[in-house]
Amino acid sequence: MTIRLSTCHTSTDDNAAATKFATDPIWGAHQGLVAVITWDGERAKRMKIAIVGCGVVGSSWSLVFARAGHDLVIYDRTPAAAEAAVAFVANADPALSKRCRIASSLADALEAADYVQESAPERLPIKLALYQEMDALLSPTTIVASSTSGFPASAFTEGLKNSARCLVAHPINPPHLIPLVELIPAPWTATETLDFTRDLMRSLGQSPITLTREINGFVVNRLQSALLGEAFRLVEDGICTPADVDAAVADGLGLRWCFMGPFATIDLNAANGVAEYCANLGPMYYGLAKEQADPREWTPDLVSAIEAKMRAKVPSEDLPARRKWRDGFLAAIVAAKRDITGKFGA
């Protein structure tokens, strides 16, 4: 792992300066420098990973890092939550739990950490206070990624001395089953920070996508928002039932999307590719988009009607078992997709 000195978006190798920075970060701050680390595949095979925040997402991340061979220090302000994260890893593989240690404090978790995956509650005041506290404890090279699904990193890292080594690494829940991770830099995130985190995610077996800048909802939530908006509209207008909408995705669009995505799909749906598809069907989709241009609230009556339909199919008391079914199905699909990709290629 190599220390480089950076002024947010430019960096330079300077061993003497790096050594001075490591022993005197205040000097570095006066020079307008921050330290970042560059990817070293051999060194990165076993790093100290700090998990900060141990709800459902933090526990899932713990399993991701543990099965990749890293040493984990797990911290949550509620000790029982940290214990539950270790239990979650042990339930998957008892041997992996030996890589996990519960931190006695935030300072203990962050000491000499190479990388921090923060999954604290999704409330901005909590994030702001936590990052202020972490900023005083981080080593000069630690990278901090937030699992936040709703806040840009700029909302809680502005003005921090370590802000160049902060970004969002938003997983699709649960990350131990679904590999996609959205990487979103703040305006001051160093290029090396983004590169390092991308390489780390790939080494874990995750599938990172990189946004060029912050945007509300990131990518996945924006795509999901468009689909959910139309799904609710179709039900509200009496066109079809919630079950019909689910079938349209699960037994139709989703079968191709799970291994191709929308652009790759339409590229193969016209003899000569995407340009021909757009020429033939672009006007139709533009017309549909104009129909869909009136965003609607999900009214209490509409939500209640959909809730009644969903509970008729899966009663409330059966939801935990249904989630286990979902996770098992997801794991099988991911494994099958991996095998099929090995046979046919990506």
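Visitor: About how many helical turns separate Glu307 and Arg311 in helix H13?

Guide: This is a predicted model, and in it Glu307 and Arg311 form a salt bridge, with the closest N and O atoms 3.3 Å apart. Glu307 is partly exposed, with a relative accessible area of 39%, and Arg311 is partly exposed too, at 22%. The two sit 4 residues apart in helix H13, so the separation is about one helical turn.

Visitor: How many salt bridges does the count come to?

Guide: Side chains of opposite charge can pair when their charged atoms come close. For this count, a side-chain nitrogen of Lys or Arg has to be within 4 Å of a carboxyl oxygen of Asp or Glu. By that rule the count comes to 14.

Visitor: How many residues apart in sequence are the parts that Arg233 and Asp294 tie together?

Guide: Let's start with the pair: Arg233 forms a salt bridge with Asp294, and their closest N and O atoms are 2.8 Å apart. Arg233 lies in helix H9 (residues 220-236), while Asp294 lies in the loop between helix H12 (274-291) and helix H13 (300-313), so the parts they tie together are 61 residues apart in sequence.

Visitor: What is the relative accessibility of Lys127?

Guide: Lys127 pairs with Glu122 in a salt bridge, with the closest N and O atoms 3.6 Å apart. Glu122 is partly exposed, at 36% relative accessible area. Lys127 counts as buried because its relative accessibility is 0%.

Visitor: Which residues have the most contacts inside the largest nonpolar core?

Guide: In soluble globular proteins, nonpolar side chains tend to be buried together. Here the largest nonpolar core has 30 residues. Elements giving two or more residues to this core include strand S4 (48-52), helix H3 (56-67), strand S5 (71-75) and H8. Those with the most contacts inside the core are Ile51, Phe65, Leu72, Ile74, Tyr115 and Met201.

Visitor: How many residues are in the second, separate core?

Guide: This core includes Ala50, Ala186, Leu211 and Phe218. Its size is 26 residues.

Visitor: Which residues does Met201 touch, leaving aside those up to four places away in sequence?

Guide: Met201 is one of the residues with the most contacts inside the largest core. Contact here means heavy atoms within 4.5 Å. With sequence neighbors up to four places away left out, Met201 touches Trp61, Phe65, Tyr115, Gln117, Val181, Leu183, Gln206 and Pro208.

Visitor: Which residue's side chain does a polar contact of 3.1 Å join to that of Arg198?

Guide: Arg198 is found in helix H8 (residues 191-203) and counts as buried, at 17% relative accessibility. Not counting residues up to four places away in sequence, Arg198 touches Leu183, Pro208 and Thr210. The side chain joined to Arg198 by the 3.1 Å polar contact is that of Thr210.

Visitor: What accessible area do Leu227, Leu253 and Trp257 have together?

Guide: Trp257 is found in helix H10 (residues 242-257) and counts as partly exposed, at 36% relative accessibility. Leu227, Leu253 and Trp257 form a nonpolar patch on the surface, and together their accessible area is about 250 Å².

Definitions and conventions:
Residues are numbered from 1 along each chain as its sequence is written. This is a predicted model: local features need pLDDT of at least 70, side-chain atom pairs count only at pLDDT 80 or more; totals for chains, interfaces and linings use all residues. Side-chain values use heavy atoms; hydrogens and water are left out. Patches are made of residues with over 30% relative accessible area and no salt bridge: like charges are joined within 9 Å, nonpolar side chains (Val, Leu, Ile, Met, Phe, Trp, Tyr) within 5 Å. Accessible areas come from the Shrake-Rupley method with a 1.4 Å probe; for residues, only the protein chains shown count as cover. Buried means under 20% relative accessible area, exposed over 50%, partly exposed in between (1.4 Å probe, protein chains only). A polar contact is a pair of N or O atoms within 3.5 Å; within protein, one must be able to donate a hydrogen and the other to accept it, and residues adjacent in sequence count only if both atoms are side-chain atoms. A nonpolar core is a set of buried Ala, Val, Leu, Ile, Met, Phe, Trp, Tyr and Cys residues joined through side-chain atoms within 4.5 Å.
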